[in-house]
Amino acid sequence: IGWFARIPRAERDAIFGLVEDFQKDTSKPKVNLGIGVFRTDEDKPYILKCVQKAEEKILKKRMDKEYSPVAGFEIFKKLSMDFTFGKSSVFNKPGRHVTFQGLSGCGGLSIAAQFLRMFYPGRKMVYISDPTWPNHQNLFNKLGLKTDTYRYYDAENISLDFDGMMEDIHKMPYRSIILFHASAHNPTGFDPTEEQWKEITEEVKKRKLYVIMDNAYQGFASGDLNKDAQSFRIMAKRRVNMVLVTSYAKNFGLYGERVGATSFLVDSKHEADKILSQLILLIRANHSNPPLHGARIVEEVFTDPCLTKLWIEELKIMANRLKSARKQLLQKLKETGSSRNWDFITKQIGMFSYTGLTKEQIIRLQKEFHIYMLTSGRLAIPGITSKNVEYVAKCIHKVTS
Ligand SMILES: Cc1ncc(COP(=O)(O)O)c(CNOCC(=O)O)c1O
């Protein structure tokens with residue numbers, strides 16, 4: 001068809017393009033350090049036991065397959081507010097938040113971005129961290145919001161560039177929109193401390209910024225649900241204007257079920273009703289109704305105390321598995337006699353390590369050793385196992401010495 005011929009080919013998605021290359025690679029051994037999806041030490045996907053038990057309960061109930069409400073079920077929304085802001089939060093009351101069930105984190109960010117584009121009175125531009133998750137810029141730009149960056153990473157010292165970040169926030173025009181990662185920053189793995197979050201919050205208030213809080217790893221980052229929520233709970237306590245986008249992909253292992261919750265904090269029931277009415281039209285224009293299954297699993301786990309307890313245990317198991325993989329990798333890198341300081345690997349938390357490897361070194365790892373990483377230098381920790389850690393360490397040493 002004529003006009004199809006004139007459509008330019010887009011560049012591949014950094015993450016899913018790499019996964020395709022990995023799957024096509026027939027050599028042995030090959031190691032996937034590309035995508036942020038949890039794997040056991042046997043390099044297998046992990047279906048949480050609490051999820052399996054929840055599914056058995058759901059199946060027995062023989063529930064219908066009718067449409068969910070456009071914004072999701074009330075119980076799911078309430079449980080999500082209890083999980084994120086906590087039962088005692090001043091915002092966890094009718095009239096102080098507008099919550100909808102989105103299609104996981106991406107879906108929540110997408111609806112929030114469209115809503116801000118339609119109604120935000122300030123600049124239609126979002127400040128995102130440098131570096132950040134590759135899809136942030138793509139998502140906001142595709143939905144009509146420009147992006148700019150704030151400093152976040154000190155490559156020299158391989159650490160959080162807190163001073164740079166604060167300077168950039170201090171310079172931001174009043175009422176700019178800024179996106180923060182709630183915990184387990186992707187890709188650096190460096191998070192502000194509790195004290196630093198308090199300083200960031202004061203600066204955000206001074207600049208009257210609107211915050212998009214991307215909460216993709218709550219509980220999965222440290223294994224502690226509340227610790228991983230400190231960033232946005234500190235901001236909420238100081239009445240920072242924000243929308244919180246929560247994903248249940250990682251902390252429930254429900255990647256493909258596309259389940260998440262997004263909450264706009266508001267001041268009154270009057271405001272809440274108006275915002276919900278606009279969100280419902282916007283959601284209708286996107287996916288109309290959210291999927292049933294993932295939300296029902298989350299609801300079962302949050303309402304059954306035994307399943308909640310099991311879930312919290314499994315979060316710790318996953319977080320500890322990643323911590324031990326970091327320790328093993330650091331140990332093996334030391335054993336190679338590498339002169340580099342790799343200590344940052346155990347200082348970072350969550351799914352990724354930001355290694356500082358150059359693009360050339362990463363291409364060599366892929367071409368010569370069939371080890372797949374993002375060319376940004378991001379290494380997905382779940383891909384490290386007891387079986388392959390020595391091989392990975394030796395190959396990293398080879399390309400960096
Ligand atoms: C910061 C952040 N926000 C949002 C999301 C969105 O995740 P989802 O839409 O699956 O909930 C993700 C998921 N990351 O994807 C895996 C990877 O980076 O390799 C994320 O890391």
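Is Phe190 buried or exposed? Phe190 is buried, because its relative accessible area is 8%. Buried here means under 20% relative accessible area, exposed means over 50%, and partly exposed lies in between, with a 1.4 Å probe and protein chains only.

Some background before I go on. This is a predicted model, in which local features need pLDDT of at least 70, side-chain atom pairs count only at pLDDT 80 or more, and totals for chains, interfaces and linings use all residues. Residues are numbered from 1 along each chain as its sequence is written, and side-chain values use heavy atoms, with hydrogens and water left out.

I start with the aromatic rings. A pair of aromatic rings is described by the distance of the centres and the angle of the planes. Rings of Phe, Tyr and Trp (for Trp, its six-membered ring) pair if their centres lie within 6.5 Å; planes under 30 degrees apart count as stacked, over 60 as edge-to-face, and the rest as tilted. The structure holds 23 aromatic pairs. One of them joins Tyr120 and Tyr210, with ring centres 5.8 Å apart and planes at 55°, so this pair is tilted. It links distant parts of the chain: Tyr120 is in the loop between α5 (104-119) and β3 (125-130), Tyr210 is in strand β8 (residues 210-215), and they are 90 residues apart. For the element names, helices (H or I, at least four residues) and strands (E, at least two) are DSSP runs, numbered from the N terminus. Tyr120 counts as buried because its relative accessibility is 11%, and Tyr210 is buried as well, at 12%.

Phe190, from my opening, pairs with Tyr153. That aromatic pair is stacked, at 6.5 Å centre to centre and 25° between the planes. It also links distant parts of the chain, with Tyr153 in strand β5 (residues 153-154) and Phe190 in the loop between β7 (177-181) and α8 (194-206), 37 residues apart. Tyr153 is buried, with a relative accessible area of 16%. Elsewhere, ring pairs link Phe76, Phe83, Tyr248, Phe252, Phe302 and Trp311 into a cluster.

Two rings have a charge over them. A charge sits over a ring if NZ of Lys or CZ of Arg is within 6 Å of the ring centre and within 35 degrees of the ring normal. Lys30 lies over the face of Phe22, 4.3 Å from the ring centre. Over the ring of Tyr174 sits the charged end of Arg207, 4.4 Å from the centre.

Now the backbone. Most residues other than glycine have a negative phi, and most peptide bonds are trans. Which peptide bond is cis with omega near 0°? The one from Asp130 to Pro131, and Pro131 has its place in the loop between β3 and α6 (134-142). The bond from Asn186 to Pro187 is also cis, with omega near 20°. Pro187 is in the loop between β7 and α8.

As for phi, Asp43 is not a glycine, yet its phi is positive, about 60°. Asp43 is in the loop between β1 (31-32) and α3 (49-61) and is partly exposed, at 41% relative accessible area. Arg239 has a positive phi of about 60° too, and is not a glycine either. Its place is in the loop between α9 (230-237) and β9 (242-247), and at 42% relative accessibility Arg239 counts as partly exposed.

Asp304 lies in the loop between α11 (292-303) and α12, and its side chain reaches the backbone nitrogen of Cys306 at 2.8 Å. Asp304 is buried, with a relative accessible area of 16%. Asn341 is in the loop between α12 (305-335) and α13 (344-347). A polar atom of the Asn341 side chain lies 2.7 Å from the backbone nitrogen of Asp343. Asn341 is exposed, at 54% relative accessible area. The C-alpha atoms of Asn341 and Ile158 are separated by 9.9 Å, although these residues are 183 residues apart along the chain.

Last, the start of the chain. Trp3 is in helix α1 (residues 2-5) and counts as exposed because its relative accessibility is 54%.

How values were computed: A polar contact is a pair of N or O atoms within 3.5 Å; within protein, one must be able to donate a hydrogen and the other to accept it, and residues adjacent in sequence count only if both atoms are side-chain atoms.
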